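Work through the exercises below with the structure open. Try each task before you read its solution.

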Amino acid sequence: MKENILIIGGGIAGLEAAGQLLKLGYNPIIVEKSDHLGGHVADWNRLFPDMSPAEDLVSRLIAASSEANIFLNTEISFVNRLKDSWNIMLSNGISIITRILLFATGFTLFDASKKEEYGYGVYNQVMTNSDLEHWFNTGQDERIPEEGPAAMGFVHCVGSRDEKARNPQCSKVCCITAVKQAIEMKQKFPEAMIYCFYMDLRMFGKKYEDFYISAQKDYGIRFIRGRVSEVSENIEGKLVVKAEDTLSGKPVKVTLDLLVLMSGIVCNQQTCKTAGLLSLPIDSDGFLKSRDNIADITEAPREGIFYAGTCTGPKTVPETLAEARSAALEIHNYILNGM
Ligand SMILES: Cc1cc2nc3c(=O)[nH]c(=O)nc-3n(C[C@H](O)[C@H](O)[C@H](O)COP(=O)(O)OP(=O)(O)OC[C@H]3O[C@@H](n4cnc5c(N)ncnc54)[C@H](O)[C@@H]3O)c2cc1C
Ligand code: SF4
């Protein structure tokens, strides 16, 4: 009989790991709390750096893991430790005996309404990076006028690199996401004036710098180094955004039709709850704590428990997929070496 491996989370990390574990001859079981597979990537439209459709990737991963047992709208209710395995009780009443668990529980977006000064949920023309991806997918959002915004802005580091928001870490993907989304808006609305308000630009990945240079040279997107200090609304119902340009040392005030907040990547509370059932530690950055952060990032400090993807910190899609493959191999080696 094939060995059960319980995967918590059916985002791209969980799906990729399941596909690899199937190929290695195991019986992966995916427990996904939402009603769909693909996690956040299922909500994105086109992926940097190649602008390939997110839907294609998710469909491919779902096809490759279709032989796995998959429970949607399901969570772990409680866990019983047996001699050399766990009895995992799912919220649908099914109980699973397994010696191996893989956390692929991903991240949650920082709640932008907590940064009151940016006006999310207060002014109608303020949205998040995730809302904008939703609009790219559906074309439906009353905050975006049909003729497009005459002027719009992106605010970097919303809920990241921010002690007050209790998250001093960089979310890694939002600089390049802002550049990608700004270019996409310019492609749709060539006349729009687009500003990105940033602290530093972190273009660490393959071809990211090219993307950034193209945003300036080919699309005329304006990058202003400085934190936005205040967002308000004028009598015409337009947004007034104040910042300080820290390169020129001068205050900046722009009037915009749309403002997009680049909400950061934080660990989801559900992950901490599930980790608590298995007595797993949380790291100082709020994400799951690995055995070590250099050589054993996919291993939990507890035997038989593994991690893949953004449950241990912000990652891009290629990094997440690579880590999921690595976790599948770690699990295989762990089983071969007699646990
Ligand atoms: C706005 C934005 C745009 C992005 N665009 C790109 C891009 O263009 N290119 C790129 O390389 N990267 C991009 N990224 C990064 C990309 O989204 C992540 O790399 C990817 O989502 C990580 O996948 P994951 O499986 O680790 O997590 P997730 O996508 O978060 O999936 C986790 C899954 O686990 C489920 N889950 C969570 N907790 C539980 C639980 N307790 N029980 C059961 N199920 C659970 C969730 O419902 C979810 O389905 C972007 C990120 C953001 C914020
Ligand atoms: S990636 Fe850029 S926008 Fe995101 S937290 Fe880091 S510096 Fe800020």
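**Exercise 1. Find the handedness of the crossing of helix 1 and helix 2, then describe their contact.**

Solution. Helix 1 and helix 2 cross in a left-handed way. A crossing is left-handed if the near helix is turned anticlockwise from the far one by less than a right angle, and right-handed if clockwise. Helices (H or I, at least four residues) and strands (E, at least two) are DSSP runs, numbered from the N terminus.

This is a predicted model, in which local features need pLDDT of at least 70, side-chain atom pairs count only at pLDDT 80 or more, and totals for chains, interfaces and linings use all residues. Residues are numbered from 1 along each chain as its sequence is written, while chains are lettered from A and ligands numbered from 1 in the order in which they are written.

Next, the geometry. Helix 2 covers residues 54-64, and its axis lies 8 Å from that of helix 1, at an angle of about 40 degrees. That makes the two helices, helix 1 and helix 2, oblique to each other. Axes are lines fitted to C-alpha atoms, for helices over the stretch in contact, and angles run from 0 to 180 degrees between N-to-C directions. Angles under 35 degrees count as roughly parallel, over 145 as roughly antiparallel, 65 to 115 as roughly perpendicular and the rest as oblique.

Now the residues. Helix 1 brings Ile12, Leu15, Glu16 and Gly19, and helix 2 brings Leu61, Ile62 and Ala64. Two residues are in contact if their C-beta atoms, placed from the backbone, lie within 7 Å. Sorted by class, the contact of helix 1 with helix 2 holds five nonpolar, one polar and one charged residues. Ala, Val, Leu, Ile, Met, Phe, Trp, Tyr, Cys and Pro count as nonpolar, Asp, Glu, Lys and Arg as charged, and the others, Gly among them, as polar.

**Exercise 2. Describe how helix 1 meets helix 7.**

Solution. Start with the axes. Those of helix 1 (residues 12-23) and helix 7 (residues 317-336) come within 8 Å and cross at roughly 40 degrees. Helix 1 and helix 7 are therefore oblique. Their crossing is right-handed. On helix 1, the contact includes Ile12, Ala13 and Glu16; on helix 7, Val317, Thr320 and Leu321 are among the residues. The contact of helix 1 with helix 7 has 10 nonpolar, two polar and three charged residues.

**Exercise 3. Which residues come nearest to ligand 1, and which are closest to ligand 2?**

Solution. Take ligand 1. Of the 40 residues around it, Gly9, Gly11, Gly39, Gly106 and Gly309 come nearest. A residue is near a molecule or strand if its C-beta atom, placed from the backbone, lies within 6 Å of it. Helix 1, strand 10 (107-109), helix 3, helix 6 (269-277) and helix 7 each give at least two residues to the shell around ligand 1. That shell has 15 nonpolar, 20 polar and five charged residues.

Now ligand 2. Its surroundings number 13 residues, with Cys157, Ser160, Cys170, Cys174 and Cys175 the closest. Strand 12 (151-158) and helix 4 (174-188) each supply at least two residues of the shell around ligand 2. The classes there are five nonpolar, four polar and four charged.

**Exercise 4. Locate the cis peptide bond between phenylalanine 48 and proline 49, and the positive phi of arginine 166.**

Solution. Most residues other than glycine have a negative phi, and most peptide bonds are trans. The bond from phenylalanine 48 to proline 49 is cis, with omega near 0 degrees. Proline 49 lies in the loop between strand 3 (46-47) and strand 4 (52-53). Arginine 166 has a positive phi, near 60 degrees. Arginine 166 lies in the loop between strand 12 and helix 4. With 10 C-beta neighbours inside 10 Å, arginine 166 is exposed.

Key. Buried ≥ 20, exposed ≤ 12 C-beta atoms within 10 Å, placed from the backbone.
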